[in-house]
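User: Please take me through some helix packing and charge pairing here, giving the cut-offs as you go.

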Amino acid sequence: MQVDVLIVGGGIAGLWLLAELRAQGVNALLATDELGKGQTIASQGIIHGGTKYALTGKVTGATLAIGDMPRLWRAALNGEGAVDLRKVNVLAESQLLWTSGGLGSRMTGFFASKAMQSRMEAVPRDAYPELFRHSEFHGGLYRLDEPVLDVPSLLETLRERLTDALVQVDVQRSGLQPAHNGYGYQAVLPNGQVLAITAPQIILTAGAGNEALLTSIACRCQPPPLLPKMQRRPLQMVMVRGNLPLLYAHALGMSDKPRATITSHRDKHGKTVWYIGGQPAEQGVGKPAAEVIAATRHEMAQLLPWVDFGGMEWSTWLVDRAEGCQPDGGRPDQPMVQRFANVTVAWPTKLAFAPMLAARLRTELGMLASAEASLDIAVEPLPTPPVATSIWDMG
């Protein structure tokens, strides 16, 4: 099979790019086993606008880079442009940021920042959600103009719109192969049939899977080519399931990371799950799940002492954030793109960066429409990958 562009990896980065290319008439195909498997399905669905990157009171490079993302996503949610997300379930149009009492003057610069004033507003006390109307809450409450999306709904919407450009493959047995003037992709379908795909442009958006794809090239080529390097920044996310109110909020502390970032989700049984990131997820790396849960329960008792967490179900989930390698191992401020031969390796860094990454790839690679795909063997219809199971429904 021959196409103009082959995308390997079915997270939000690959799907957003595929939607834009197909809308422009580019003959593009995406290969993966499950849509969103890995980082995308494990994300909290927050379309960041940079607020959480400015918690020290300084506007960072990441804040500036990501600041326009909510606007671009809202345009897609309204059906404006090539990526139509009107069917996506929006969990919350905005988020809350709450402070505990006694944070001190350190936060004055943050709340006075012009960059932040355009993205957040104080919530009047008479408009507080019921959770924060308790007499024990003595902090401040702010509304952030950053939506939260239901990630399985996002993936299902894109799957429905792009079905004819998706192919399910066995990623363990599929991979890049040296070919004339570059590389091709050997796709092993679920039934064992092998499909050789050639494309002038191959784009890897497989997150942590990019590493395995690159390693397989190094093993097949002698001498091995100089390939992009990937880094992993792990998290241990925490989940608590039970009779909880819906909450989409960041608890602000003295660090440059939230004391907790909480999003709410419904599992397949209709129960509410709080999915907790921020400091608990960062500090839980490499620790036993029981220890992480105990520390998070203690933190939640400090943040929301009036909430009874008795009888709740607690669990954790390990997530590897895969990114282009940084000299200091820190988080890149923007998506990263590296190229060799006819292969481009892309890491979006954050779910919210998907539109920026797609725009950058289209510009740098000059992708244009050409003739229809050629298919030399009878493999149609190609199997379509399913959406990955949500984290709170696994196990």
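Analyst: The model is predicted, so local features need pLDDT of at least 70 and side-chain atom pairs count only at pLDDT 80 or more, while totals for chains, interfaces and linings use all residues. Residues are numbered from 1 along each chain as its sequence is written, and side-chain values use heavy atoms, without hydrogens and water.

User: At what angle do helix α1 and helix α7 pack?

Analyst: Helices here are DSSP runs (H or I, at least four residues) and strands are E runs of at least two, numbered from the N terminus. Axes are lines fitted to C-alpha atoms, for helices over the stretch in contact, and angles run from 0 to 180 degrees between N-to-C directions. For α1 (residues 12-23) and α7 (residues 151-162), the axes lie 11 Å apart and the packing angle is about 35°.

User: Which residue of strand β17 pairs with Arg233 of strand β13?

Analyst: A salt bridge requires a side-chain nitrogen of Lys or Arg within 4 Å of a carboxyl oxygen of Asp or Glu. Arg233 meets its partner at 2.7 Å, N to O, and the two are 90 residues apart, with β13 spanning residues 230-242 and β17 residues 313-324. The residue in β17 is Glu323.

User: Is Glu323 buried or exposed?

Analyst: Buried means under 20% relative accessible area, exposed over 50% and partly exposed in between, with a 1.4 Å probe and protein chains only. Because the relative accessible area of Glu323 is 0%, this residue is buried.
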